[in-house]
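Please look over the model shown here.

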Amino acid sequence: MVEILPTTPELTALRAAVRQIVDGYGFSYFLECARAHKEPTELYEELGAAGFLGMHLPEEYGGGGAGLTETCVALEEIAAGGCPLLMIVIAPAICGSIIAAHGSPELKQEWLPGLADGTRTMAFAITEPDAGSNTHALAVTARRDGGDYLINGTKYWTSGADQADAILVVCRDADAAAGKHTPMSMFVVPAGSPGLSMTPIEAELVAPEKQFTVFLDDVRVPAANLVGAAGQGFRAVFAGLNPERVTAAAMSNGISRYALEKATRYARERTVWKAPIGSHQGLSHPLAECYIQVTQARLLTARAAELCDCGANAAEAVNIAKFAAAEAMIRTLDQAIQVHGGNGMSSEYGLAPLWFLARMLRTAPTSREMVLNFVAEHSLGLPASY
C-alpha cells in the first residue's frame with residue numbers, strides 16, 4: 001500500500017531507530033515497571049541518550065533543534081512498541097516547552113539539557129481539587145517575600161511527582177482573588193523543598209508514573225525560579241498546552257497501533273470451525289473501521305504538529321487531533337480486547353492493562369467535553385457555554 005501519512009526519509013529513519021530501542025524492552029518491561037512502582041529508567045535514559053526525548057528543544061540547550069513533528073513521531077513509536085510513557089509528555093514536551101519559551105537563560109541552562117537527554121525529569125502541577133478545568137479558579141498562591149516567593153496550597157493528579165527532580169507549579173497571586181483575569185505565575189519547585197509533600201492517589205491506572213496529591217506549605221523558592229514574568233503565568237502555560245495535546249494525541253495513536261497489531265495478528269492466527277476468525281466480517285469490518293479512524297487521527301496529529309512547528313495558531317488543530325486520537329484509541333483498544341474473547345482480559349495478551357491509561361488519555365490533557373466546548377465556540381461561532 002502507498003504510505004498516506006506525510007513522511008520524509010529522515011522521519012522514516014527516525015521511526016526505525018526509535019522502534020529498535022523500544023523493541024528491546026517491549027510491553028512486558030512496561031508492565032513490570034508499572035506493577036512494581038518502578039521507574040522505567042533504563043528505557044527512558046536510553047531514549048534520551050539517543051536524542052529522542054528533546055528533539056523539539058533548542059540545540060544550544062542540549063535539544064535536537066527540530067520540532068514537535070519529530071517528537072510526535074518518536075512518541076508514537078514508543079507507544080506502538082508497548083511502552084507509553086507519560087513522563088515523556090510531561091517533562092520534555094510540557095515543561096521543556098514552557099521553559100524553552102519563557103524561562104530565563106539560567107533556568108534554560110539548568111533544566112533543558114537534562115530534560116532533553118533523560119537524566120532529569122520534571123512534573124507539571126496545575127490541576128486542583130476544586131478547580132478542575134477552570135484554571136482561572138486556582139487556589140494555590142504565591143506571595144513575594146523579599147527575594148523569594150512563598151507557595152501555599154494543594155495540587156491534584158500530579159503525574160510522576162515522586163520521580164521528578166522538580167515540579168513546575170502554576171499559582172495565582174496571593175493578593176488577587178480568583179477570577180477570569182487573576183494574575184498567575186509559574187515556578188520551578190525543586191524536589192525535597194521544605195514544606196513540599198505528597199500523597200499517592202490510589203487509582204486503577206497501570207503506568208510507571210503514579211498520581212499524587214501535592215501539598216505546598218510555605219514552600220520557599222527563589223525569585224530566580226519564576227518562569228516568565230510575575231503575573232503572566234497564564235500566557236506561559238499556553239506554551240505547554242499545544243505540545244501537551246499534540247504529544248498526547250501521538251501517544252494515543254501509538255497505543256491504537258499497538259492494539260490493532262495485536263488484534264489483527266490474533267484474528268489471522270486464531271482458528272475456529274476451520275477458519276481464521278479474521279475471515280468473518282463480524283470481526284474484520286470493525287477492525288477495518290478502527291484502522292480508518294486511527295489513520296485519520298494520525299493525519300490530524302501530523303498536521304497539528306506541523307502547524308505548531310511553523311508558528312501558526314494551532315489551537316483548533318491540536319484540540320481536534322487530541323479528541324480524534326483519544327476516541328480512535330478507545331474504540332480500537334476495546335475492539336482488540338473483544339477480538340481476543342476471554343483472552344482479552346488476560347495480562348498475558350497485553351491489552352486489558354492499558355484500558356485505564358487509555359481512559360485517562362481521553363480525559364486528560366483536557367477532556368473531550370472541553371474540546372467540544374472549544375470547537376463549538378471557536379470553530380462554529382456558537383455562544384460560549386461557560
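Which residue in S4 does Ala142 stand opposite? The residue is Asp173. Keep in mind that this is a predicted model.

**Strands**

Strand S2 covers residues 141-145. Strand S4 covers residues 166-173. S2 and S4 pair in the parallel sense, with two bridges. The Ala142 and Asp173 positions face each other across S2 and S4.

S2 also pairs with strand S3, residues 148-159. Here the sense is antiparallel, and there are five bridges. Arg144 has Tyr149 of S3 as its bridge partner. S2 and S3 form a hairpin with two residues between the strands. Gly146 in this hairpin has a positive phi near 65 degrees.

**Salt bridges**

How many salt bridges does a search of the whole structure find? The count is 17.

| Pair | N to O distance | Helices | Separation in sequence |
|---|---|---|---|
| Arg15 and Glu76 | 3.4 Å | H1 and H4 | 61 residues |
| Arg331 and Glu289 | 2.3 Å | H9 and H8 | 42 residues |

Take the bridge between Arg15 and Glu76. Glu76 is buried, at 5% relative accessible area.

Is Glu77 buried or exposed? Glu77 is buried, because its relative accessible area of 5% falls under the 20% cut-off. Arg19 is partly exposed, at 25% relative accessibility.

Arg331 and Glu289 form another salt bridge. Arg331 belongs to helix H9 (residues 315-339) and Glu289 to helix H8 (residues 281-309), so the pair ties together parts of the chain 42 residues apart. Both partners are partly exposed: Arg331 has a relative accessible area of 35%, and Glu289 has 42%.

Some salt bridges share partners. One network formed in this way joins Arg15, Arg19, Asp23, Glu76, Glu77, Arg257 and Arg298.

**Cysteines**

How many disulfides does a search of the whole structure find? The search finds zero. The cut-off for a disulfide is 2.5 Å between sulfur atoms. Cys308 counts as buried, at 17% relative accessibility. Cys290 is buried too, with a relative accessible area of 1%.

**Phe323 in helix H9**

Phe323 lies in helix H9, the helix that holds Arg331. Which residues does Phe323 touch, leaving out those up to four places away in sequence? They are Arg368, Val371 and Leu372. Ser252 is 71 residues from Phe323 along the chain. The C-alpha atoms of Phe323 and Ser252 are 9.9 Å apart.

Methods:
Residues numbered from 1 in each chain as written. Predicted model: local features only at pLDDT ≥ 70, side-chain atom pairs only at ≥ 80, totals over all residues. Heavy atoms only, no water. Buried < 20%, exposed > 50% of the residue type's maximum accessible area, 1.4 Å probe, protein only. Pairing = 2+ DSSP bridges. Helix = DSSP H or I, 4+ residues; strand = E, 2+ residues; numbered from the N terminus. Salt bridge = Lys/Arg side-chain N within 4 Å of Asp/Glu carboxyl O. Contact = heavy atoms within 4.5 Å.
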